[in-house]
Each structure stands twice: as C-alpha cells, then as structure tokens.
Amino acid sequence: MQKRRIITVDPSTSIEMRHYSNNDVPYSSVGDDEVPSSPKATDKIRKVSMLPLVFLIFYEVSGGPFGVEDSVNAAGPLLALLGFVIFPFIWSIPEALITAEMGTMFPENGGYVVWVSSALGPFWGFQQGWMKWLSGVIDNALYPVLFLDYLKSGIPALGSGLPRVAAILVLTILLTYLNYRGLTIVGWVAVLMGVFSILPFAVMGLISIPQLEPSRWLVMDLGNVNWNLYLNTLFWNLNYWDSISTLAGEVENPNHTLPKALFYGVILVACSYIFPLLAGIGAIPLEREKWTDGYFSDVAKALGGAWLRWWVQAAAATSNMGMFIAEMSSDSFQLLGMAERGMLPEFFAKRSRYGTPLLGILFSASGVVLLSWLSFQEIVAAENLLYCVGMILEFIAFVRMRMKHPAASRPYKIPIGTTGSILMCVPPTILIFAVVALSSLKVAAVSIVMMIIGFVMHPCLNHMDRKRWLKFSISSDLPDLQQETREHEETLIR
C-alpha cells in the first residue's frame, strides 16, 4: 500500500492519512503553506519563451555534429549519411510528436514521470523517473569528456592526469552555478552558444564546395560495419526529445509553445548533422580510422587552416557547455516535479530565490563528477540501455492513455487514431530491441543493477513516508489529473 499525507487548508492544519494501491495515482493536494515550491510562489519568475526553448531542445538532443564522427568510422560514409537522414523518421519524429501530445496534456515539471504514473501507476512512474534521471546524469557526464577531447589536441596536458581532473571539476562547478541562477538565463545563453556553435560549420560548408566529390558520399562496405557502435552513435545523437517535457511547467504558454518548438528543433538538429557530414566526407579523402571523437577539428584545418580548426574547437567546447546546462536543467526540474507529485521527499521541491531546484541541481552535478572518468563509448552504451527501457514505458503510457482516456483534453493531438498510435511506436520499439541486443554483457549488467536499485528504492521511500521519517506532500497547485479527465469525458457524453 502507498500512503501520502494530505495536509488540509483548515487553520488547525490537521493531517488526513489516505491510502492508495499501486494502481492508483495519488494526485491529491496539499495546503499552500506546506508546499515549498508551488507555482503561485514562483509567479514572478520569468517563463521560457519560444526561441530559448528551441535551443534548449537543440542542446537536449544534439548541440551540433560533435560526436557523430564515430558513425563514419563504424559504418562508412553512405551508411552514416543514410542513418542521419532515415533515423529521424524512425525515432526522432515519433518521439517528438509523443512529447508534444503528452507534454501539452501534462504541462508540468514531472514530464514523462507524470505520463507513466497516470497510465501505469506510481510504481512504474517512479521507475521511469529513476531510469530517466540516471540516464540523463550519465549522458551529462559525456560533455566534460567531449569538451576535453576536443581541446587536448591543442592543449595536450588536458588529455590525462591531474590537469584533466581539475578541468572537469572547474567546468562542472561553473556550469552548475549557471543552472542555479535561473532557467531563463540558461535559455538565452543556449541561444548564444547555439549560434556560435553552428557558424563554423556553415563557413566550413561554404569553403568545401569547390572540393566536393559526391562519389565519396556513396562509399559503403557492408562487410566492415561495427553495428553496435553505429547504432549507439545514431541513437545517442538523435534521442532525448522527451527531456524538454520536464521543463513544461517553466514554459510560457506550453500548450502553444512546446509543439512548435519541437517542430523547429527537429529541423535544426537534422540540418546540424547532415550538412557537416556532407562537407567533411565529400571534401576530404576518406580515412575511416580517423573518424573518431574530435575529427571535425582536423577536417576544419584541412579545409580552412588553423584558424577554422580553432573555431571548431571553441564551438565544440561551447556546444558541450550548452548540452551540459540544458541536460542539468532537465534532470533537476524532473526531481522537483517528482517531489511536487509526492514521489520524492518534499525538500527536493524547494526552489532557490532564482526559482531553480537547488537540491536537484546538486544531486545531478554530483552524479556527473562521479561518472566523468568513464570513456566516451562506455558512457554512451550505458545511458542508451537505461534510456531504452524508459522509452518503452513512455510508448506504453502513450498508447494506454489513448485507449483508456480517448476523450481527455489534448491541446496538441497527433492526427492518428489508436491503431495509428500503436503502429507509430512499432519502428522505434524494434530499434530499441536492436540497441539492447547489441549491448555488451558488462553494460547490460550495470544497467540491470541500476534498475534493481530503483525497484528497491520505491518501497523504501513508501516505508519512510509511512513512518514519517521524511516528509512527502503533493502540491495543491497541480491538477487532479484523474478528476479532470473524468469531468472532460462526462462533458463530452452529455
């Protein structure tokens, strides 16, 4: 049994104990004076508008072509290019569409956690939150690694040892502080970083035009393909569209802004991958073994000289900083949203004077520091597997909500029926199983252990709640979603 403390608005502040089974969704409310971060208390905090939201999505998913080099190494030019053309239709567009529909149906910071809780119950909602938060933190540990990999060719001391460790710590502290100062600041910083990161590749593309040999784009060797590396690279570079849903409560007019921002984000991300690959592959003689992390800086030097190489390296550093702050915002606000729904202790819902979830930021930053010693490929494989399990839960929740509550209010609705919803989820689900099947035993073992920890954490938190060792509460400013759904469907029947 799951138990939540419901604090009434009666002046005596009496406490009513309610019990819920694991199949119920405990969307009740608490009094305003007991809620540490109610939306009313943060009305004066500026919301995120369209342009910053597009670039936050850009950095949640991509940040530019940095990290796509391994696709050429793994599969050759033609498969690499086809992957970034076809893969968005298999994965990115379906995930973005589901995020648009579910994110406007549940416009609050819990994001996908609330989707799964509403469809499958609080146990699976908590597992979704644990796996997606953990995969997000693992993902964020990549960015200091990529940042230093791009700089080490110019500053060899950053390749290993104490200077590398010190650089990771300093970078993490500075970017964590930026997240603390507010999401609006993070959004506009993301816009500036995004423009700076994209510009050198536009210049590189123009310079490459006289040297392009289209025949290089068609090179393929099916007998020499590292499918595991290829799929993991594509998957990592084109997922995480749902991450923006955990910031929905901070978005200005999310029902209108979120779907449009996702549409523009898909276009921006696809272009940021395809055009640099076309330029780099078409203008430089193919040496597949050189296409590894950071190789675009060598391509830039070959095409434009040292000045363009330094610009690409600076853009890579900037891009990784942008991805770091965007991911940390998503991870930390997810914890805040879970606390506002009573899934985590109340102290996770407390905001700083800038409206940011201080404890969520600190937890996320600590995870990044602990995981940043892993290699790039190990990090990608580990977070991909956890992310896959979370996405399966999201697909199930999406279809189940279509079947269970077809008439519920959906400010943005994908123009397909229930059968179409199921069919839309089939290709990405097949892809998920392919990624999982190709994972190494080491990665699978680590991921399974992490999932088991989540299974244990949920009943432990419930026990702490029953014993009142920790305080759990549900914000009164969040809607009773089940009640709203019932009222809307009853209105349609009448």
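Modeller: In this account, buried means under 20% relative accessible area, exposed means over 50%, and partly exposed lies in between, with a 1.4 Å probe and protein chains only. The model is predicted, so local features need pLDDT of at least 70 and side-chain atom pairs count only at pLDDT 80 or more, while totals for chains, interfaces and linings use all residues. Residues are numbered from 1 along each chain as its sequence is written, and side-chain values use heavy atoms, with hydrogens and water left out.

Colleague: What makes Tyr240 buried or exposed?

Modeller: The relative accessible area of Tyr240 is 2%, and buried means under 20%, so Tyr240 is buried. Tyr240 is found in the loop between helix H9 (227-237) and helix H10 (254-283). Tyr240 also has a positive phi, about 75°, without being a glycine.

Colleague: Which residues make the nonpolar surface patch?

Modeller: Trp124, Ile448, Ile452, Phe455 and Val456 make this patch of about 450 Å². Helix H16 (residues 441-467) contributes its largest share, four residues. Patch residues have over 30% relative accessible area and no salt bridge, with nonpolar side chains (Val, Leu, Ile, Met, Phe, Trp, Tyr) joined within 5 Å and like charges within 9 Å.

Colleague: How do you know that Ile448 is partly exposed?

Modeller: Ile448, in helix H16, has a relative accessible area of 44%, and is therefore partly exposed.

Note on methods
Accessible areas come from the Shrake-Rupley method with a 1.4 Å probe; for residues, only the protein chains shown count as cover. A salt bridge is a side-chain nitrogen of Lys or Arg within 4 Å of a carboxyl oxygen of Asp or Glu. Helices (H or I, at least four residues) and strands (E, at least two) are DSSP runs, numbered from the N terminus.
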